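Please read them alongside the coordinates.

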Amino acid sequence: MNSPQPSSLDVKKSLGEVVVSIKDVNFSYAPGERQILSGLNMEFRRGQVVAVMGGSGCGKTTILRLIGGQFTAQSGQVLFEGQDIGKMSSKELMAARRRMGMLFQFGALFTDLSVFENVAFPLREHTDLSEELLRSLVLMKLNAVGLRGARDLMPSQISGGMARRVALARAIALDPPLIMYDEPFAGLDPISLGITARLIRDLNNALGATSLLVTHDVEETFEIADYVYFIANGSIGAQGTPEELSRSTDPFVRQFLDAAPDGPVPFHYPGQSLEEDFGVRA
Amino acid sequence: MTAILNLFGDLGFFIRRNLISLGLATRMFAAVIWRSGFLLKRPRLVVDQILFVGNHSFVIIAVSGLFVGFVLGLQGYYTLNRYGSEQALGLLVALSLTRELGPVITALLFAGRAGTSLTAEIGLMKAGEQLSAMEMMAVDPLGRVIAPRLWAGIISMPILATIFTAVGVMGGYFVGVPLIGVDSGAFWSQMQGGVDLFSDIGNGLIKSLVFGVAVTFIALYQGYEAKPTPEGVSQATTRTVVISSLSVLALDFLLTAMMFSN
């Protein structure tokens, strides 16, 4: 953890260069459809664990897909190590992706491969390592997530939490400078949740990487994150260190942190009034 | 008036949707072929898939071939016997199998057995974000997942059709010779004299090769483009059987017209 109660400025000053930068990005899935992101600006610096939080469907995962080059922004720039992802050729994009690791919400392990082979997959695809060296590397990665002993199991034989850890080992197989986590805590029991959160922080420190965390889980995230962005209506609703946000009086931040059912994010989906639906006069 | 306009609108939408789908499929096919080069360096990927789509279809193909051979032997005998030509039973069985039934029934069975499992496998990989994960690992799913399966289907189909035909001939022999009493020498000699290596067996193999490309690609395309939901995968699996069966029958007509017309 960082020193107690650092401010946003302290955090930005103390950390390395910008690894990912999102500038004035607008995105919708198709022309004329709902704008998912509008005028979004973000920065992710080396060595940071940065959390992106917000309600369901607010576009958090879309940000990861934009950084990974799986979606292209309608306007604005997504820069990875200074290069615009949207303007990269297919070959350049592949080279950029080799420098990224991504943990998917449910692990996305290859169901026909064992735990060992899942972690070995990126190494087999991108390197010509000898079988002996490859084995050592895979076992080291599995050891880092505490699953060296589960190497021969198939994905169907392990729990959701273990699958997430195997996927984490796979995501860091090539020691990427950027690791992205899509809802890493969703559906985990408290023990697995604590283990996963600690692993994210420890691995980030050990690799000197940048971790980008898309999540809903306030408590665990605030324990490990250096900086937090709250997304609302397609742009930044609030941002700051966990300590700053904990003290925030912003209604949106308060509703999210206090898990209040109603507030700036309404409980009821927009529609006809109750009186109109039930035919009752007010 | 509105009904007529709606009819034209629906027709236009239907045509546009299918043209888009055809364009996407063509583009994907070209991309898969383009990315197949690396399989020469890693043939193991294709061999594994031949085991999956080819070997695992062996039993259904062989058993079906045997029963089709039995039926051909019986029906052929009943018909030929009317004209006193039962000695030509071997020729009838062999020509029916090599030219038509072998490639066509094998392709239809392959669509039901291997095609559906390919669609479901790819569709579930998509639903489980495995294809996205692969993309994010800088591995192209078209080259790594789709291309080995396509080539495995193309290689397996002619082999399976040959097995179907060979077992079918033995089925026809079993019914015709030991059970009904057709002369064994006549059965084989008429077959040997009447079946041409290139125009019958060769064309049959070309047919099964074409069916292999069509059925396997349809199955893979449907899986790749399936909606990543349980309903989406089940609908894609159904579409695989329907589209590939109709394609096989339509292609068979075209190929037969091209190969066996004067």
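1. A crossing is left-handed if the near helix is turned anticlockwise from the far one by less than a right angle, and right-handed if clockwise. By that rule, α4(B) passes α9(B) in a right-handed crossing. Helices (H or I, at least four residues) and strands (E, at least two) are DSSP runs numbered from the N terminus.

2. This is a predicted model, in which local features need pLDDT of at least 70, side-chain atom pairs count only at pLDDT 80 or more, and totals for chains, interfaces and linings use all residues. Residues are numbered from 1 along each chain as its sequence is written, with chains lettered from A and ligands numbered from 1 in the order in which they are written.

3. In chain B, the axes of α4 (residues 89-127) and α9 (residues 230-260) come within 9 Å and cross at roughly 150°; axes are lines fitted to C-alpha atoms, for helices over the stretch in contact, and angles run from 0 to 180 degrees between N-to-C directions. α4(B) is therefore roughly antiparallel to α9(B) (an angle over 145 degrees).

4. Chain A has an open sheet of four strands, ordered β2-β1-β4-β5 with antiparallel pairing; two strands pair if DSSP finds at least two bridges between them. Its edge strands, β2 (35-45) and β5 (83-84) of chain A, each pair on one side only.

5. Strand β1 (residues 18-28) of chain A is joined to β2(A) by seven bridges, and the two run antiparallel. A:Ser28 has A:Gln35 of β2(A) as its bridge partner.

Methods. Angles under 35 degrees count as roughly parallel, over 145 as roughly antiparallel, 65 to 115 as roughly perpendicular and the rest as oblique.
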